[in-house]
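Let's walk through this one together, feature by feature. Ask whatever you like as we go.

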Amino acid sequence: MGANLFNNYGEAVAMILFVIGFGNLMLQSNLIKKIIGLNIMDTAVYLFLAEKGYISGRVAPIVVDGIQSTEAYINPVPSGLVLTGIVVSVSVSALMLSLTIRLYQRYHTLDLDEISLRLKKEGL
Amino acid sequence: MSRMKSEEEYRKTKAFHFFRWLSGEKDPYVGNLEMKPQKEYIEEEASLRERMRENQMVMDKVYDTRHNKWLFLFRRFYRIMAVVFCAMLAGLLLFTVSYLPPTGNASNPDNNEVAERYIESGMQETGAVNIVTGMILTYRAFDTFGETNVLFIATCCVMIMLMVEDAELKRQEVMNDRRFEPKNDAILQGAAMILVPIIFIFGIYIILNGHLSPGGGFSGGATIGAGMILYASAFGFKKTERFFDEKIYKITKVSALCTYGLIGIYYYVTGANGIENHIPLGIPGHIVSAGIIFPINICVGIEVACTMYAFYALFRRGGL
Amino acid sequence: MRVFQYILLSFLVVCAISVSFSKKLLNSILIFMSYSLVMSIIWICLESPDLAITEAAVGAGVTSVLFFVTLKKIHAIEEDSHKGEKESMIEQRRR
C-alpha cells in the first residue's frame, strides 16, 4: 500500500463512488435504479479526471491582468475532457429512459428478471 | 413425338414408356389398384385444445421460477459473487490510488508541455481569454464536433422510439398527459412569468461571453433549454408551439450543425496544410473577437437548447 | 477549506449509498438530484467554473427532470387502468 491514500482523498472517494455505482448496476433489479447507478459511475469518473488537473494554490484558467505564465493557472486539459463527458452522459441517460418507457408499455413491469423471463417464454 | 412413326404406334414403343416414366407423368398405380376418393382431414376442436393445454403445462413447468432449485442457487451465487467482485475492485482501485502522485502537486507528470503551450500562447493563437473554451473550440475542435454529433444522434434515436405519428394515438397521448394536472396553476404561472425572461437573457449572456468568462456553448444552451422547459410546463404546449413548433425545430437544429461543420472544415483544411486562414482574431477582451469561437459557440448553444427541449417534449407528449 | 471538502465528499458517499437502499422510486430520484447539486459545488472547489455551470444546468436540471417525466409516464398508465375500474363501478351503482 503506497503512502498517498489519505493525501489523494478526492480520488479515493471517486473510486468508492465508482464501485457503488457499479454495484447498483449489477445488483438492482429495478431498471430505473440501474440507470441511476450508471449515472453515478459517470460522475465518479469525471471527479477523478478533474482531480488530476487540480494544482493547489493556483486559480481557474481564465487570463487575468495579462498574466500568462504557467505558474498561475491549473491544468486546463482535463477540464475540457470532462466538459465533453458531461454532455454525453445526459444523452445516454435520455436514451436509456426512453427505452425504459417502451419496455414498460410492452411488459407493464420495471423488473428486469420478470422481463427476461417473459422474453424467454415468448421464444425471442 | 417421333416423326417417323404415327402417334398410336409411338405410344406402344419402349422409348415412349421410358421417357414417360423418367419425367413422372404417369401414375403407375392408376387403373391397377382400387382407390377410394380421399376425405379432407379436419382436426377436432377438442384435440386441438388438448394439445395447446399440454403445451402450456409444459411451458409453465419449465419456466417455473419459484420452485426451481438451481435457479434459486444461481441467483444467490450471482449476488454473492457480485458483492465479492465489487469489494475486490474497490480494493484494487484504492491500492492503485495510493501509488499515484499526490494531488495538487505542480510536478505531476500530467502537467507537461501541452498545458504549458495552451496557457502561454493560448491567448495569442486563439484570441480567447478563457483558456478552456479556447482550447476546446480551436485546438480540439474536432472532439467538440463529435460531441455535438452525439447529441444529434441521441435526439434522433429518442425520436425513433417515442414519436407518435398517428393522429388518434397523438390525441390519446395528449389527453393522458394533461389529465391529472390542474390546468392553470397560479403559483407556477406567476413564477414562470417572472423567471423565464431572466433565464433566457442569462443563457444568451453565457453563450455570447463564452470566450471571456466561464461558460460557453454547452452551459448556455442547457440553461436556455431549461428555460424553455419551464415555460412549456407552466403554460402548456399550445402556447409554446406559437414560437417553437416542429418545423422551426428541424430547420434550426440541422442548420446549426451544418454551419458548425462548414466553419470547421475550412479551419481544419487550412490548418492541416499550413495555409494561412484569414480569420481576424480581434482584440482579446472584446466580445466580437477570438476568430471562429464566437459563431461556433452560438451554433453549439442553439443545438444544445433544441436538444434539451426536444427530450422533454418527446417524453411528455410523443411529439414536438 | 479541506474540512469543507471532507464534508462535501462524505455527503456524496452517503447519497450514493442511500440511493440504492430506498424503497420508493421518487425518493431515490430526489436524492440523485441533490447528489448532482453537491457535485456541482465540488467542481467549484476544484477551480473549474465551466464544469460547475454545466453540471448544475444539466445534472441537477435536465437529467432529473427527465427522470421525473419518465416516472409520470409510467404511473400515468397505472392510473389509467384504475380510473377505468372506478368508472365502471360508478356506472354499475347508477344502474
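Q: Where does His108(A) lie, and between which helices of chain A?

A: The place to look is the loop between α3 (77-107) and α4 (112-122) of chain A. Helices here are DSSP runs of H or I with at least four residues, strands are runs of E with at least two, and both are numbered from the N terminus. Keep in mind that this is a predicted model: local features need pLDDT of at least 70, side-chain atom pairs count only at pLDDT 80 or more, and totals for chains, interfaces and linings use all residues. Residues are numbered from 1 along each chain as its sequence is written, while chains are lettered from A and ligands numbered from 1 in the order in which they are written.

Q: What is the phi of His108(A)?

A: Most residues other than glycine have a negative phi. His108(A), though not a glycine, has a positive phi near 60°. Glu47(C), also not a glycine, has a positive phi of about 60°, and Glu47(C) sits in the loop between α2 and α3 of chain C.

Q: Which of these count as buried, exposed or partly exposed?

A: Count the other C-beta atoms, placed from the backbone, within 10 Å of a residue's own: 20 or more means buried, 12 or fewer means exposed, and in between is partly exposed. His108(A) has 13 such neighbours, so His108(A) counts as partly exposed. Glu47(C) has 20 and therefore counts as buried. For an exposed case, take Met88(B), in helix α4 (residues 69-99) of chain B: Met88(B) is exposed because its count is 11.

Q: What should helix α11 of chain B span?

A: The expected span is 1.5 Å times one less than the number of residues. Helix α11(B) covers residues 217-235, which is 19 residues, so its span should be 27 Å; its end C-alpha atoms are 27 Å apart, which agrees. Just after α11(B) comes Gly236(B), with a positive phi of about 90°.

Q: How many helices and strands are there in chain B?

A: Chain B has 14 helices and zero strands.

Q: What is the radius of gyration of chain B?

A: The radius is taken over C-alpha atoms, and the globule rule is 2.2 Å times the number of residues to the power 0.38. For 320 residues, a compact globule would be near 20 Å, but chain B has 37 Å. Along its principal axes, the C-alpha trace of chain B spans about 110 × 65 × 60 Å. Of the 320 residues of chain B, 27% count as buried.

Q: Which domains is chain B divided into?

A: Domain bounds come from an automatic or database domain assignment. For chain B they give domain 1 (1-28), domain 2 (62-93) and domain 3 (130-317). The C-alpha centres of domain 1 and domain 2 of chain B lie 76 Å apart.

Q: How many residues does the contact take from chain C and from chain A?

A: Two residues are in contact if their C-beta atoms, placed from the backbone, lie within 7 Å. Here 29 residues come from chain C and 33 residues from chain A. On the side of chain C that touches chain A, α3(C) gives the most, with 13 residues.
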